[in-house]
Amino acid sequence: MKVLGIGNAIVDVFCKVEENFIKKNNLTKGTMKLIFDEVEFKNILVNLKIEKTVSGGSVANSIVGLSQLKNDVGFIGKVSDDIFGTKYEEGLKKENVKYFYTKNKEGLPTGTCLILITPDSERTMCTFLGIAGKINENDVDEKIIKKSELIFLEGYLWDEGEPKKAFEKAIKNANKVAMSLSDLFCVERHKQNFLDLVKGKLDLTFANESEIMALINTKNFNEVITFAKEIKKQIIITRGEKGAISIIGDKITEIKANKNLTIKDLTGAGDLFAAGYLHGLINNLSTEKCLEQATELSSKVIQQVGARL
């Protein structure tokens, strides 16, 4: 197998709602709210008509992108044996992704992200991580990791305790490790752990400009380049309108951002950028070509709604 993703298994549940639904449930339009109380989450979900469900999560989106480019890929993510857990598994299999997890009845339900779409097309999200964030080392099969050319991890999944042990087992048994720093909040929360991973254990790191600058406590992008050169690891950074850059030791490769795009939804931009880059990498393309593939895929996905091409 070419790439095995390990990440949060989140079912994206799309529902159309009226404006007053957002107000009534004390939500802020256009934002994402993390919900920790299952009862609160179920109360929001109970009266909704579900338009569609998609097997989501950051790394899962990247893995599906790689599968659509005809690569042999798999995914490990924790779900419960419930209706959304079944939908999650079916959704990945429909996209030709091998799913290496046997679901059980859990104390928590399958992780769910409610995507509430108001008549003005604005998306308001409510995420209940459920069992997704409770992954442990027993959920990670080292035989499958050893058979994969590369594993791809997400910063979202990292947490002290059981998820950290799962991460460490995966990294220890991997042939090559790539990881996305996921988001600024993750970086601030786990800064020292992430810094240790980037310097010592990851072969490739995906980040956006603000995440990598926060990681090394700088406001000057030149210091990021110096840092990447010093650690001699591959760091791929997206820079919004400034394009993207890959740094491997002293080799710096840059690509400009595509212009004149009709942007509809930025949700899957980073996930599909990573998919495009990894596609180039596992098919032995040059760094220039990897960045081209990455930019092309992310440019396509932001011109539509959702993180699927």
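Does H3 pass H11 in a right-handed or a left-handed crossing? The views below take up this helix pair and then an open sheet. The model is predicted, so to speak of local features we need pLDDT of at least 70, side-chain atom pairs count only at pLDDT 80 or more, and totals for chains, interfaces and linings use all residues. Residues are numbered from 1 along each chain as its sequence is written, and side-chain values use heavy atoms, without hydrogens or water.

**View 1. Helix H3 crosses helix H11 in the right-handed sense.** Helices (H or I, at least four residues) and strands (E, at least two) are DSSP runs numbered from the N terminus. The axes of H3 (residues 58–68) and H11 (residues 269–282) come within 8 Å and cross at roughly 45 degrees; axes are lines fitted to C-alpha atoms, for helices over the stretch in contact, with angles from 0 to 180 degrees between N-to-C directions. The crossing is right-handed, meaning that the near helix is turned clockwise from the far one by less than a right angle.

**View 2. Residues at the contact of H3 with H11.** H3 brings Ser58, Asn61, Ser62, Gly65 and Leu66, with heavy atoms within 4.5 Å counting as contact. From H11 come Asp271, Leu272, Ala274, Ala275, Leu278, His279 and Ile282. By class, the contact has six nonpolar, five polar and one charged residues, where Gly is counted as polar.

**View 3. An open sheet of five strands, in the order S3-S8-S7-S2-S4.** Its pairing is mixed, and two strands pair if DSSP finds at least two bridges between them. S3 (32–34) and S4 (50–56) are the edge strands, each pairing on one side only. Neighbouring strands are turned by 20 degrees against each other on average, direction ignored.

**View 4. The S3 side of the sheet, where S3 meets S8.** S3 and S8 (residues 123–128) pair in the parallel sense over three bridges. Lys33 has Cys126 in S8 as its bridge partner. Elsewhere on the sheet, helix H4 (residues 83–94) packs against S2 (10–16), S4 and S7 (111–117). The direction of H4 makes about 65 degrees with that of S4.

**View 5. Strand S2 and its two partners, S4 and S7.** S2 pairs with S4 in the antiparallel sense over six bridges, and Phe14 stands opposite Lys52 in S4. With S7, S2 pairs in the parallel sense over seven bridges; Lys16 has Ile117 in S7 as its bridge partner.
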